[in-house]
Amino acid sequence: MKLKLALSLSALFFAGSLFAAPQVGQAAPAFNLTDSKGKNHSLADFSGKTVVLEWTNHDCPFVVKHYSGNMQSLQKQFGTDDVVWLTVISSAPGKQGHVTGAKADELTSSRNAMPDAVLFDETGVTGKAYDAKTTPHMYVIDKKGVLQYMGGIDSIPSAKVDDIAKATPYFSDALTAVLAGNPASPAVTKPYGCSIKY
């Protein structure tokens, strides 16, 4: 009886660990997603590069705020051979923010955005593995595949464009630190935006 109980408890612990929130300083959750052009991408493909994950929903006012120029500016600033910027859409089919590959490419072009790829996570598996809650929600993974930052793009949780210049740029500061070989500080901040439409 005790053995059965122990096995049941260990099984529950293992099941729980599958959905445990990611931890800064630990290996980032693996993923394998298809982009807007039908190409598959996995985290392992980018070994040796710093990876940015940006959760998005083009209909979200907070995303609209940052795509007024701020997100594009960040993509341009950090758009080097050493950084891979992946925009992730976890909106389920039929939910706000869900788009086709063609529409995603149209949005990228019309907004002069510069991600390396727009990835589709229609099942929400990857979003939940990263505990992604809002759009935007930002992550920085270092060259060794270790999660170094997760949280908000900045410190002012509003949909007002004017607030961008006043805010502490958490994400930008974190990515700059990681690229310089330093830890992000803070490494975890509270994300803000629209809830992801899983």
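Which residues do ring pairs link into a cluster? I started my notebook there, and found Trp55, Tyr130 and Tyr139.

**Ground rules.** I am reading a predicted model, where local features need pLDDT of at least 70, side-chain atom pairs count only at pLDDT 80 or more, and totals for chains, interfaces and linings use all residues. Residues are numbered from 1 along each chain as its sequence is written, and side-chain values use heavy atoms, with hydrogens and water left out.

**Rings.** I counted five aromatic pairs; rings of Phe, Tyr and Trp (its six-membered ring) pair if their centres lie within 6.5 Å, with planes under 30 degrees apart counted as stacked, over 60 as edge-to-face and the rest as tilted. I looked at tryptophan 85 and phenylalanine 171: their ring centres are 5.5 Å apart and their planes stand at 85°, so this pair is edge-to-face. The two come from distant parts of the chain, 86 residues apart, with tryptophan 85 in strand β4 and phenylalanine 171 in helix α6 (residues 170–179). Helices (H or I, at least four residues) and strands (E, at least two) are DSSP runs, numbered from the N terminus. Tryptophan 85 and phenylalanine 171 are both buried, buried meaning under 20% relative accessible area with a 1.4 Å probe, protein chains only. I also noted tyrosine 130 and tyrosine 139, an edge-to-face pair at 5.4 Å centre to centre and 80° between the planes. Both of these tyrosines are buried too.

**Helix α6.** I listed the buried residues of α6 as Phe171, Ser172, Ala174, Leu175, Ala177 and Val178. They pack against β3 (50–55), α3 (70–77), β4, β7 (137–141) and β8 (147–151), where contact means heavy atoms within 4.5 Å. Just after α6, I found glycine 181 with a positive phi of about 85°.

**Charges over rings.** The charged end of arginine 111 sits over the ring of tyrosine 67, 4.0 Å from its centre. I used the rule that NZ of Lys or CZ of Arg is within 6 Å of the ring centre and within 35 degrees of the ring normal. Lysine 128 places its charged end over the ring of tyrosine 198, 5.2 Å from the centre.

**Cavity.** Arginine 111 turned up again here: with Thr56, Thr87, Ile89 and Val118, Arg111 lies nearest the centre of the largest cavity, which is lined by 14 residues. A cavity is a set of points on a 1 Å grid over the protein atoms alone where a 1.4 Å probe fits but cannot get out, and lining residues have an atom within 4 Å of a point. I noted that α4 gives the largest share of this lining, three residues.

Conventions. 1 Å grid on protein atoms, 1.4 Å probe; cavity = no way out; pocket = protein on both sides within 12 Å on 5 of 7 lines; lining within 4 Å. Buried < 20%, exposed > 50% of the residue type's maximum accessible area, 1.4 Å probe, protein only.
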